Amino acid sequence: MIKNMTFSKIIGLTILCFSASFSASSQNTAVNFGELLNSPVTSSGQFTKNDIEELSGLIYDLNPTIFIGSSGYKILGEEAPMKAELSAGNFNRLSTANPGFNNVKLLKMKIESEADFNASFDLSRLQGFENLEYVFVECTFECSTTRIENMFSNIGNLKVLYIISTPE
């Protein structure tokens, strides 16, 4: 009887660990924003209609923005930035806090070459992004959901989206 109880506990713990790891890995997903815009809201599960409207506004509308470049930071707009934009090569600049990061809700990162996929972007290294909700990746060439997902670690509660924006 004791052996059966121990075996049951082992099975129970194994199932619990498996479901926890499955749950954690399922959160590390990237969503194609173009497809999200063209699909019924109910199919996404992760995003409400309001989320999609807010995201569209953050991405496409003129918002106070902090641009992060190799030579420093530049703020566009009179109010605190709601969006931060950078190329993948400047990601390490986000590990140093900046007051301009405090109100940022959307971090937009541009992927301009295959070499950008060789880097790993640990989102736990971000400093000062108190209101960050979304990481938006813009690929300037064909890229896949899997490649975007594999770029990031320690996503936490952030939502990762991407779009393929190839020049014509």
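Glutamate 138 counts as buried, at 12% relative accessibility; buried means under 20% relative accessible area, exposed over 50%, and partly exposed in between, with a 1.4 Å probe and protein chains only. Its partner is lysine 108, and the two side chains meet in a salt bridge, 3.3 Å from N to O. By salt bridge I mean a side-chain nitrogen of Lys or Arg within 4 Å of a carboxyl oxygen of Asp or Glu. The pair links distant parts of the chain, with lysine 108 in strand E5 and glutamate 138 in strand E7, 30 residues apart. Strands (E, at least two residues) and helices (H or I, at least four) are DSSP runs, numbered from the N terminus. Lysine 108 is also buried, at 17%.

This is a predicted model, in which local features need pLDDT of at least 70 and side-chain atom pairs count only at pLDDT 80 or more, while totals for chains, interfaces and linings use all residues. Residues are numbered from 1 along each chain as its sequence is written, and side-chain values use heavy atoms, leaving out hydrogens and water.

pLDDT is the predictor's confidence in each residue, from 0 to 100. The chain has a mean of 80, and 79% of its residues reach 70 or more. Where pLDDT is low, the predicted coordinates should not be read in detail.

Back to the charges. How many salt bridges does a search of the whole structure find? Six. One of them joins lysine 105 and glutamate 133, at 3.4 Å from N to O. Lysine 105 lies in the loop between E4 and E5 and glutamate 133 in the loop between E6 and E7, so this pair ties together parts 28 residues apart in sequence. Glutamate 133 is partly exposed, at 31%.

Now the rings. Two rings of Phe, Tyr or Trp (its six-membered ring) pair if their centres lie within 6.5 Å; planes under 30 degrees apart count as stacked, over 60 as edge-to-face, and the rest as tilted. That rule gives seven aromatic pairs. Phenylalanine 91 and phenylalanine 121 have centres 4.9 Å apart and planes at 75°, so they are edge-to-face. Both of these residues, phenylalanine 91 and phenylalanine 121, are buried. Phenylalanine 117 and phenylalanine 141 are edge-to-face because their planes stand at 85°, with centres 5.9 Å apart. Ring pairs also link Phe33, Tyr60 and Phe136 into a cluster.
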